[in-house]
Amino acid sequence: MIVKRKGPLKGTMTVPGDKSISHRAIMLGALSEGITEVENFLMGKDCISTISCFRQMGVSIDIDSVGNKVHIKGKGLYGLQSPNTPLDVGNSGTTIRLLSGILCGQPFKSTITGDSSIRTRPMGRILTPLKQMGADIASENNNFCAPLLINSLNTASSPMESKDLTNRLKGIHYHSPVASAQVKSCLLLAGLYADSETTVTEPALSRNHTELMLSEFGATVTAAGNTSSVLPGPKLTGRRINVPGDISSAAYFIVAALIVPNSELLIKNVGINPTRDGIIKVCRMMGADIKLENVKNKGGETSADILVRHSNLKGVEISGPIVPTLIDEIPIIAVLSCFATGKTTIKDAEELKVKESNRIEIVVKNLSAMGADITATDDGMIINGGKPLHGAVVDSKMDHRIAMAFTIAALAAEGETQILNPECVNISYPNFFTSL
Ligand code: S3P
């Protein structure tokens, strides 16, 4: 893919549905009684992997990909069927970690695995607390990575009864060493199958979509500060979910409008949940002209139309509790920082090393190739902005967020940029290049 500088970006657009919320809608819909209808579902590869896994466990899920709608016939908490073959999550970290929590509560054995990237990502972070809950879960190759083997706690052949508190997981209070919504959500979902309350305390608050959606489906959830708890069962009830646009996808267009002179974009219906809106806060700290219009709340999730105009920006420090609220946006924030005057320092972001790729290494390598003044640190990076970028050959390493961030960098760089492996955008934003 060759990308060249072009004129201003102008117009009104939407971005696809939120990836995190789309995954959770399938999972909770499958575990509910009755029908769940999902509108504005993200038809990206990761969310389709979640659908395939639940279909393998006997859940009927119809997809209308033109209308981005999904119709799920819920099986209830105790109605999933034993899969005949290993569950394959593809590239999706959210699927493997959240689904593992659910599988640990089931009365059947299962194996869960994914692509070569997933099989190198750390699973010790869920294995440790799940074992504390009494789950029988192990890494097949004893390397704290997938494939994960899960054994049933329940020897009975018939599905567990919600009233039956024998052979269940144990409710625990887990103090997670990492701020990770995937870890927290894994444990809260396992907590539906526990004998008492399950609580997770994080060092900083990560995205709270699981807590919000569980409570919409009828679970008893409490959340205060960095601590979230769920009570076991007794049942979830299917419902209609309207997924807001994904702020992580909108981020590429927000940054494009900010760095390409004379741009003005209105991005409609974007989720602005405060555990996800760090990108907007950082852009405003840098001096960006961003307005939120038409703010709405549906099913606990807030959305807005984002109006963004090209702006003169200054460097900032990004560290502490804001980091989990923009963790997936750091590659595009690094690009943005190259167009800001002065120094931007990103700290407390060591989690970037264990995403779909090592995002500290790849962002620094690719931006350096484009002429940026950028240095990697142990927990982030330092960018001295204001040095013009030029075209280069940059590899996405099959990481969707890297492919999109560098396409946007190329829009504001001198000359031509070649993006290697651009097709991975289909993980979270299949129409990215068409929208652009
Ligand atoms: C996600 C949580 C984040 C994020 C990922 C999606 C989720 O991961 O990076 O893209 O849907 O829960 P961590 O919670 O592990 O940081």
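This section describes the ligand site of a predicted model and then some features of its backbone.

The ligand sits in the largest pocket. Two helices each give two or more residues to the shell around it: H1 (19-30) and H5 (181-191). The shell also reaches across domains. Domain 1 (2-16 + 244-435) contributes residues, and so does domain 2 (19-242). The ligand therefore lies between the two domains.

Ser20, Arg24 and Thr94 are on the list. Ser180, Ala181, Gln182 and Arg207 belong to it as well. Ile327, Asp328 and Lys355 complete the set. By class, four of these residues are charged and four are polar, while two are nonpolar.

An N or O atom in the side chain of Arg24 is 2.6 Å from a ligand oxygen. For Lys355, an N or O atom of the side chain lies 2.7 Å from an oxygen atom of the ligand. Ala181 takes part through its backbone: a polar backbone atom is 2.7 Å from a ligand oxygen. On its own, the ligand has 380 Å² of accessible area, and the protein covers 95% of this.

One joins Ala146 and Pro147, with omega at about 0 degrees. Pro147 is placed in the loop between strand E9 (136-139) and strand E10 (148-151). The other cis bond runs from Gly233 to Pro234, and its omega is near -10 degrees. Pro234 is also a loop residue, located between strand E14 (227-230) and strand E15 (236-237).

Asn294 belongs to a strand, E18 (residues 289-298). The phi angle of Asn294 is near 60 degrees. This is a positive value in a residue other than glycine.

Notes: Residues numbered from 1 in each chain as written. Predicted model: local features only at pLDDT ≥ 70, side-chain atom pairs only at ≥ 80, totals over all residues. Heavy atoms only, no water. Near = heavy atom within 4 Å. Polar contact = N/O pair within 3.5 Å; in protein donor to acceptor, adjacent residues only side chain to side chain. Areas by Shrake-Rupley, 256 points an atom, 1.4 Å probe, with all protein chains shown as cover. 1 Å grid on protein atoms, 1.4 Å probe; cavity = no way out; pocket = protein on both sides within 12 Å on 5 of 7 lines; lining within 4 Å. Sits in = over half its atoms within 2 Å of the grid points. Helix = DSSP H or I, 4+ residues; strand = E, 2+ residues; numbered from the N terminus. Nonpolar A, V, L, I, M, F, W, Y, C, P; charged D, E, K, R; others polar. Domains from an automatic or database assignment.
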